[in-house]
Amino acid sequence: MELHQKCRNTTYGSDGKISRVPVPDDKVKWEQHWEDYCPPNYTAPGVKGKPWADKEIGEDGFCPKWNSLDCENKVDRRSLMGNYEVVDGYPLNPIGRTGLRGRGILGKWGPNHAADPVVTRWKRNSSNDVIKHEDSGKPILQFVSIRRKDNGQWAFPGGMVDPGEVVSQTLKREFLEETMNSLEMTPELKSKVESHIQEFFSTGEDVYRGYVDDPRNTDNAWMETVAKNFHDEDGSFVGTLSLNAGDDAVGVSWIDVSSQLHLYASHSMMLKSVAAKLNAHW
Ligand code: RP5
Ligand code: MG
Ligand code: MG
């Protein structure tokens, strides 16, 4: 992973009231000495005391098992990046300094695990022929993108892995919630839709596993994801899906894949590898 960019030299959170200490490129790595590094310590008030969030470090009854599957708390505290360091009781961001200590708006200390479904099809004209890009001559890929409620950016319809949940479930659940608004469906409709998508979501290809350059990251809490590609070569299955933004998405759309897109966090980097694998225009 390259140096993180989106969780550095920015203000923090939707109201931008917290300022990170600016961290130059040559001071990102923890090994690079920085005697006076003393960033603000911020954990959002909306996080403290929430059932889905950790307690404070040192608080009674909070004994996290760093770098392990913490069965007691049902939290996977292992990083996809290998073992992270823990200094004075606080896990350290594996990429390096972010200019902010604490958990920010993330629930867990250390890695916060997510999953990202990358659902793709070829762009076609009204005669159903695949459209090629006029510059590259390569077929144009499209992916299902959502617009995030928190900052209005386009992103994969990903979300957090719930305690005890396996990634394959998270991929399906988040797709249903964010792009098909399953949270508003009747239980009958929801189970019908779930069985409809079941087979399609059983054959994904690995895209990426690891750290995400997410604007919410701090020195002590960060996002990691498993992204999988579900590609519909002839487009006939995805044509049956009725897209409808839900939960933390305020919009949903098929978007043409290209290097010109500005997506949330490191989603462009992941999309690039999907385009390369399918030999699509980028
Ligand atoms: C990103 O945040 C991940 O890649 C995933 O898309 C997303 C998960 O967080 P929420 O969408 O639940 O906020 O880092
Ligand atoms: Mg979600
Ligand atoms: Mg989400």
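Reply:

**The metal site**

Glu178 forms a bridge between the magnesium ion (ligand 2) and the magnesium ion (ligand 3), the two ions being 3.4 Å apart. The protein donors of the magnesium ion (ligand 2) are Glu174 (OE) and Glu178 (OE), at 2.1 to 2.2 Å; donors are N, O and S atoms within 2.8 Å of the metal (3.2 Å for Na, K and Ca), and because water is not among the atoms, sites may look incomplete.

This is a predicted model, in which local features need pLDDT of at least 70 and side-chain atom pairs count only at pLDDT 80 or more, while totals for chains, interfaces and linings use all residues. Residues are numbered from 1 along each chain as its sequence is written, chains are lettered from A and ligands numbered from 1 in the order in which they are written, and side-chain values use heavy atoms, with hydrogens and water left out.

Glu174 and Glu178 are about one helical turn apart, because they stand four residues from each other in helix H1 (residues 167-180). Helices here are DSSP runs of H or I with at least four residues, and strands are runs of E with at least two, numbered from the N terminus. Both Glu174 and Glu178 are buried, that is, under 20% relative accessible area with a 1.4 Å probe, protein chains only.

Buried residues account for 46% of its 282 residues. The C-alpha atoms occupy a box of roughly 65 × 45 × 35 Å along the principal axes.

Technical notes. Buried means under 20% relative accessible area, exposed over 50%, partly exposed in between (1.4 Å probe, protein chains only).
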